[in-house]
Amino acid sequence: MSGHNVWTHKGTFLLAAVGSAVGLGNLWRFPYLTGENGGGAFILIYALTIFAVGIPILIAETMLGRTSRQSPIMGMRHLTKTHKTSRAWESIGWLGAASAFLILSFYSVIAGWALHYTWLMLTGSLVGADAATISAGFDALLASPGLMTLYHTLFIAFSALIVGMGIHKGIESGLRIMMPALFVILIVVLIYGVINGDVRAAASFLFTFNIADLSLEGWLQAMGQSFFTLSLGMGAIMAYGAYISSEASLTRTAIAVAFVDTAVAMVAGLAIFSLVFGAGLETGQGPGLMFVTLPLAFADMPFGALVGGVFFILVLGAAISSSISLIEPVAAFLVERFDMTRPQAVTIMVVAAWAMGLLTVVSFNIWAEGTLFHALFGRSAFEFIELLTNIFMPLGGLMIALFAGWALTQNEVMKELGTNITWFKTWRFLVRFVGPAAVSFVFLRTIPQVEGYVVPTLGALLIVGVFALSQRLRKSA
Ligand code: PHE
């Protein structure tokens with residue numbers, strides 16, 4: 001059994017977890033969601049959720065990894081046995097594996113777009129281009145299944161290579177080179193944005209809070225984003241947590257991860273919006289913010305092609321360090337359960353996710369409308385997959401919080417947390433009640449039909465259900 005691998009250094013888990021957390025979620029999704037939802041108020045809710053719900057669940061998920069020292073599926077199997085709970089809790093592992101697989105499938109396609117833009121920028125193809133040309137260029141990329149498949153393949157193959165080399169030679173060494181480089185690039189882009197853009201407008205857009213601006217949808221998107229950005233609820237953190245040294249402090253590490261992840265999102269937001277405002281462009285472009293608005297801003301600025309190219313390299317690096325954390329939990333499971341070699345396990349996971357990714361590729365062109373997915377779910381295959389992960393991630397987080405909060409004994413948790421009783425009680429209150437309540441709320445709202453007063457009602461019902469379930473968990477513990 002290879003379950004007892006441990007990171008080389010006490011601090012490596014931090015590096016790995018930050019690598020997983022910082023990704024397209026920070027550089028692409030966070031800025032465009034903030035742009036669409038009017039700025040500061042969105043950020044306030046996002047930050048509150050990170051600190052009140054995200055950090056406690058991050059601790060819980062790492063704890064489950066460290067106590068079991070196995071991949072999420074095998075680890076949960078072990079924990080349900082040793083804690084005599086229902087085997088149904090093993091579904092935390094399965095759900096995680098399913099989410100990792102689904103996220104990887106579309107994550108790789110979108111990261112592939114960044115590959116395309118790195119190329120366009122560095123070759124200077126967009127220098128001086130006007131808005132119509134740049135947006136037509138993006139449309140042309142989306143219209144080409146061949147091109148998108150090519151980039152998707154390159155990206156996922158490279159990620160697979162790193163994971164295939166193992167947690168020390170592959171993941172650790174890769175992260176040790178990539179992460180510092182990413183921080184340097186981010187700072188360079190920020191400085192460039194401050195010099196060439198309008199940082200004052202960006203700061204006031206990002207940090208002026210007016211809660212009234214925020215729609216219910218915006219609230220929920222902010223909460224969903226805080227799960228996505230911390231890589232919570234799907235086993236990535238649990239898988240990395242299985243390798244964390246017994247001495248590392250879970251609380252301190254989780255706070256550091258959340259802090260760095262949030263800081264990166266803020267700095268990226270500040271840099272991107274400085275450029276966008278400086279060029280007099282719109283903030284509410286949606287997913288095209290990074291691929292249309294930003295290239296347009298770079299097109300007219302001094303050294304824009306070079307800095308733009310470097311920026312997209314940053315996006316790529318951040319995406320790779322996240323995608324490897326999507327491969328790891330499933331690969332580790334295949335190795336443990338079926339005695340496969342690591343390269344075999346990685347190949348199986350990646351080839352399957354690659355094939356699944358083709359559904360996302362065609363969702364932007366030949367299957368953009370009129371498919372079975374549209375008939376059944378009123379959306380494209382890509383949008384359906386994204387919706388599924390939006391449900392699976394909070395659900396996984398909810399179950400992780402419940403399991404860690406109710407099934408683990410006080411002694412175990414005290415030992416894992418290694419802190420005083422006050423923090424133990426606070427943490428346990430957060431994972432037993434606050435997290436589950438908040439997550440149920442987000443979760444319910446992802447069901448489009450549930451609107452208006454139905455939400456609070458169902459939410460309250462769910463909380464009661466969760467409470468009842470938890471009591472059973474505790475009895476069986
Ligand atoms: N946190 C990553 C990001 O922000 C996405 C991710 C989600 C990675 C879940 C791993 C697991 O891009």
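Figure 1. Asp339 is exposed, with a relative accessible area of 71%. The model is predicted. Asp339 sits in the loop that runs between α14 and α15 (342-363). Its phi is near 55°. That is a positive value, and Asp339 is not a glycine.

Figure 2. Arg342 belongs to helix α15. Is Arg342 buried or exposed? Arg342 counts as buried because its relative accessibility is 17%, and buried means under 20%. A polar atom of the Arg342 side chain lies 3.0 Å from the backbone oxygen of Val163. Leaving out residues up to four places away in sequence, Arg342 touches Val163, Gly164, Gly166, Ile167, Tyr243, Glu328 and Val335.

**Figure 3. Ser231 in the loop between α10 and α11.** Ser231 lies between α10 (216-229) and α11 (236-241). Its phi is positive, at about 60°. Ser231 is not a glycine. Ser231 is buried, with a relative accessible area of 8%.

**Figure 4. Helix α4 and its cover.** Helix α4 spans residues 72-82. How many of its 11 residues are buried? The count is 8, and the helix is mostly covered. The buried residues are Pro72, Ile73, Met74, Gly75, Met76, Arg77, Leu79 and Thr80. Their cover includes α3 (40-68), α5 (91-122), α11, α14 and α17 (381-407). Just after α4 comes Lys84, with a positive phi of about 50°.

**Figure 5. Phe311 in the largest nonpolar core.** The largest nonpolar core has 166 residues. Which of them touch the most other members? They are Phe291 and Phe311. Helix α14 gives the most to this core, with 18 residues. Apart from neighbours within four places in sequence, Phe311 is in contact with Val189, Ile272, Met290, Leu294 and Phe298. In soluble globular proteins, nonpolar side chains tend to be buried together.

Figure 6. Which residues make the nonpolar surface patch of about 430 Å²? They are Leu122, Phe303, Leu306 and Ile313. Leu306 lies in helix α14, which covers residues 304-338.

How values were computed. Residues numbered from 1 in each chain as written. Predicted model: local features only at pLDDT ≥ 70, side-chain atom pairs only at ≥ 80, totals over all residues. Heavy atoms only, no water. Patch = residues over 30% accessible without salt bridge, like charges linked within 9 Å, V, L, I, M, F, W, Y side chains within 5 Å. Areas by Shrake-Rupley, 256 points an atom, 1.4 Å probe, with all protein chains shown as cover. Salt bridge = Lys/Arg side-chain N within 4 Å of Asp/Glu carboxyl O. Helix = DSSP H or I, 4+ residues; strand = E, 2+ residues; numbered from the N terminus. Core = buried A, V, L, I, M, F, W, Y, C linked by side-chain atoms within 4.5 Å. Buried < 20%, exposed > 50% of the residue type's maximum accessible area, 1.4 Å probe, protein only. Contact = heavy atoms within 4.5 Å. Polar contact = N/O pair within 3.5 Å; in protein donor to acceptor, adjacent residues only side chain to side chain.
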